[in-house]
Amino acid sequence: MSTLFTGIAELTTNDPEFDGDDLLARITDAALVVEDDRVVWTGPASRAPEADDRIDVCGRAVLPGWVDSHSHLVFAGDRTAEFEARVAGRPYAAGGIATTVAATRAATDEQLRRGLRRHVAEARAQGTTTLETKTGYGLTPAEELRAARLAAEFTDEVTWLGAHIVAPGADPGAYLAELVGPQLDAVLPHVRWADVFCETGAFDEDASRAVLLAAREKGLGLRVHGNQLTQGPGVRLAVELGAASVDHCNHLSDADVEALAGSGTVATVLPACDLSTRQPLAPARRLLDAGATIAIASNCNPGSSYTSSVAFCVATAVLQMGLTVAEAVHAATSGGARALRRTDVGRLTVGAKAHLHVLDAPSVTHLAYRPGVPLTHSVH
Ligand code: NIG
């Protein structure tokens, strides 16, 4: 069964083979043919082939669905009071995570599943078609296993973040031994990635390295929360260990930027989190100018960034971080795919997954030109 999408005013393909100046490899007055779940043809509407079915998007822009490579959706409870204290001047600190750990442990499977379902649906309705999500609010072998198992019901991109903070009340050394032993073994069947919050108040460089090496040994890909609150060792460690991504990157030295630019590690910036925690915005412009690959993600979680809107993050990256619209859209699609080491999403080229995001606008420029306006028309 094939479907011809026609009436596309602007098609963002992100074709890496495109031989031109446009980062998004856009085609105007375009058509696209989907067969089963894959793209089988793209090109000018005037040359579109026949298909079994036809959908006219009536002059709208089509782009690849957002690839949201950083979220924490297995949680219960609410941190409104912490947010209010923060906007009144209290700084964000890793300690708030313990509040969500307590609420998550107290929740039933069905309550956690309901939250996941709601947030995944909310993200999809805004154009997200690939979503990574993390454990990290359980912090015992049984609770982390439960979180990983529930997350895997909603996405293949599940990340184990047992090393989020030292479990409340636990001895740091004993908790590290649990992480690299029984906890890692418990989650292994359900997760693709391991992540560490390498930060003051969470895990130092040695502990972070130990967790990442143990996970790599078991075949997991690596991700790091690094340089969010301080100019710590996270970025350096992520690059040293060949992590797919280092996320946050708010406080970077010149050496960090240089290391990222010379590596295969994606620098994932989280604009909504930066605003919500009142951290300096991650230096996305500086990273791009140095030659690093960046991704933009929502970091949807109840503490530091309670939004599932990648479009909001894209608009913020343009309006406040100095990116062009093309750079920001590319980072939230192709960049997210790179951060997840995927070549089948984040692009609309022959063979890629047919994850189509139709905007109620004639071009992606409207994502920043009309900030805050819900522009997702439909998601296929
Ligand atoms: O990516 N920084 C660490 N982890 C999350 C925040 C989690 C929380 O505050 O509950 C983040 O921002």
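# Reading strands, a sheet and a ligand shell

Visitor: In strand β14 (residues 356-359), which residues lie on one side and which on the other, and are they buried or exposed?

Guide: A residue is buried if 20 or more other C-beta atoms, placed from the backbone, lie within 10 Å of its own, exposed if 12 or fewer, and partly exposed in between. In β14, Leu356 and Val358 are on one side, His357 and Leu359 are on the other, and all of them are buried, so both faces of the strand are covered. Strands (E, at least two residues) and helices (H or I, at least four) are DSSP runs, numbered from the N terminus. This is a predicted model, in which local features need pLDDT of at least 70 and side-chain atom pairs count only at pLDDT 80 or more, while totals for chains, interfaces and linings use all residues. Residues are numbered from 1 along each chain as its sequence is written.

Visitor: In what sense do β4 and β14 pair, and over how many bridges?

Guide: Strands of a sheet pair through backbone hydrogen bonds, either parallel or antiparallel. Here two strands count as paired if DSSP finds at least two bridges between them. β4 and β14 are antiparallel, with three bridges, and Val62 is opposite Val358. Strand β15 (residues 376-379) is also joined to β14 by three bridges and runs antiparallel to it; there Val358 faces Ser378.

Visitor: In what order do the seven strands of the open sheet come?

Guide: The order is β7-β8-β9-β10-β11-β12-β13, with parallel pairing. The edges are β7 (133-134) and β13 (294-296), each of which pairs on one side only. β7 is joined to β8 (residues 158-163) by two bridges, and Lys134 has Thr159 of β8 as its bridge partner.

Visitor: Which strands of the sheet does helix α12 touch?

Guide: Contact means that C-beta atoms, placed from the backbone, lie within 7 Å. Helix α12 (residues 325-339) packs on the sheet and touches β11 (245-248), β12 (266-269) and β13. Its direction makes about 105° with that of β13, the axes being lines fitted to C-alpha atoms (for helices over the stretch in contact) and angles running from 0 to 180 degrees between N-to-C directions.

Visitor: Which residues does the UniProt "binding site" annotation cover?

Guide: UniProt positions use the numbering used here, feature names are shortened, and annotations may be inferred rather than shown by experiment. The unreviewed entry lists His70, His72, His225 and Asn299. They are spread over 230 residues of sequence but cluster in space, with a largest C-alpha distance of 12.2 Å. The UniProt entry also places "domain: Amidohydrolase-related" at residues 62-363.

Visitor: Why do His225 and Asn299 count as buried?

Guide: His225, in strand β10 (residues 221-226), is buried because 31 other C-beta atoms lie within 10 Å. Its contacts beyond four places in sequence include Asp195, Glu199, Asp247 and His248. Asn299 sits in the loop between β13 and α11 (310-321) and is buried because it has 30 C-beta neighbours inside 10 Å. Beyond four places in sequence, Asn299 touches residues including His70, Ser71 and Ser304.

Visitor: Which residues come nearest to the ligand?

Guide: A residue is near a molecule if its C-beta atom, placed from the backbone, lies within 6 Å of it. Of the 13 residues around the ligand, Ile97, Phe197, Asn301, Gly303 and Ser304 come nearest. The shell has three nonpolar, 10 polar and no charged residues, where Ala, Val, Leu, Ile, Met, Phe, Trp, Tyr, Cys and Pro count as nonpolar, Asp, Glu, Lys and Arg as charged, and the others, Gly among them, as polar.

Technical notes. Two residues are in contact if their C-beta atoms, placed from the backbone, lie within 7 Å.
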